[in-house]
Amino acid sequence: MRNYIKITVLLLVLSISCTDVVDVDVQEAPTRLVIQASLDWEKGTMGNEQMVKLRTSTEFFDTTSNTEVTGASVSVTNDTSGEEFIFTDQNNGEYITTEFVPVLNQSYTLEVVHNGETYSAQETLMPVTEITDLYQDREDGFDNEELELHVEFTDPVDEENFYLFKFQRQGDLLPEFEVGYDEFVNGNEIDWWYEQEEDEDTDKIEVLVPGDVVAIEMYGISEAYYDYMDILIDQIGGVGIFSATPVSVKGNCVNLTTPDNYAHGYFRLTEVNKASYTFE
């Protein structure tokens, strides 16, 4: 019995005193320009105030570097009319215009000149249908005992439509994104529902409850941007041994001067519905 106790205590001491140092080998990558150019035209507004943000990429664990890009030249041109909109440098990584003219289904070209190199991207301003109803229920989600939010709208007939949804509950740090398209529901009334689930790993209750306020944004997007966001959302939510290996996702911003030195980010133009719902 004494020997058994000694061995057990020794093993306990060894397990406590031994510390393994694990070096995480993070792949190094060249510093790249990051272009955040989301020109969103909210229904019911003029859409003239728009912003493009520029920064540089950093190493994975770097949280201290100043990544704001100033001194660049930023413009967006209507490809049909040739009208050019200049975005003014605010000296904090933001470039702003108050004169943008949004035209649905019209193609626009973004041009960014930075450090002697020209980046360009082309996109079409996509329309979005109206939201016809917002309501709550408990019947259609993964758990029929929990609340879910329903967003109803009618998909336009005889055309392909792609959608991006952004949901953010008041008090949550980050929003949630979902994408969809009308391959099998073209021209029909669509009931898109959103539900929060309980975090099984932390026992933290995340389900929607009475009194919660959720902000909803529904965007009409291009097929190319749908493909881009579909991959990003999959990678953000892909956790576990069967998840896909994350890969570098390229946006639509091309470096015309040095093609290999491409930029991260995406130039998108969308029409957007914005709404809010308070659970009862």
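This is a predicted model: local features need pLDDT of at least 70, side-chain atom pairs count only at pLDDT 80 or more; totals for chains, interfaces and linings use all residues.
Student: How many helices and how many strands does the chain have?

Tutor: The chain holds 280 residues, of which 35% are buried, and it exposes about 17,400 Å², with carbon and sulfur atoms supplying 50% of that area. Of the contacts between residues at least 6 apart in sequence, 62% join residues at least 24 apart. As for secondary structure, the count is two helices and 15 strands.

Student: Which residue in β9 is the bridge partner of Asp133?

Tutor: Strand β9 covers residues 148-154 and pairs with β8 in the antiparallel sense over six bridges. In general, strands of a sheet pair through backbone hydrogen bonds, in either a parallel or an antiparallel manner. For Asp133, the bridge partner in β9 is Glu152.

Student: Is Gln106 buried or exposed?

Tutor: Gln106 lies in the loop between β5 (94-97) and β6 (107-114), and its contacts, leaving aside residues up to four places away in sequence, are with Asn78, Asp79, Thr80, Glu123, Thr124 and Leu125. Its relative accessibility is 13%, and because buried means under 20%, Gln106 counts as buried.

Student: Which residue has a side chain joined to that of Gln106 by a polar contact of 2.6 Å?

Tutor: The residues that Gln106 touches include Asn78, Asp79 and Thr80. The polar contact of 2.6 Å runs from side chain to side chain, and the partner of Gln106 in it is Thr80.

Student: What is the phi of Asn115, and where is this residue found?

Tutor: Most residues other than glycine have a negative phi. Asn115, by contrast, has a positive value, and this residue is exposed, with a relative accessible area of 69%. Asn115 is found in the loop between β6 and β7 (117-124), and its phi is near 55 degrees.

Student: What is the relative accessible area of Asp158?

Tutor: Asp158 is found in the loop between β9 and β10 (162-169), and its phi is positive, at about 60 degrees, although it is not a glycine. Because the cut-off for exposed is over 50%, Asp158 counts as exposed, with a relative accessible area of 73%.

Note on methods: Residues are numbered from 1 along each chain as its sequence is written. Side-chain values use heavy atoms; hydrogens and water are left out. Helices (H or I, at least four residues) and strands (E, at least two) are DSSP runs, numbered from the N terminus. Buried means under 20% relative accessible area, exposed over 50%, partly exposed in between (1.4 Å probe, protein chains only). A polar contact is a pair of N or O atoms within 3.5 Å; within protein, one must be able to donate a hydrogen and the other to accept it, and residues adjacent in sequence count only if both atoms are side-chain atoms. Contact means heavy atoms within 4.5 Å. Two strands pair if DSSP finds at least two bridges between them. Accessible areas come from the Shrake-Rupley method with a 1.4 Å probe; for residues, only the protein chains shown count as cover.
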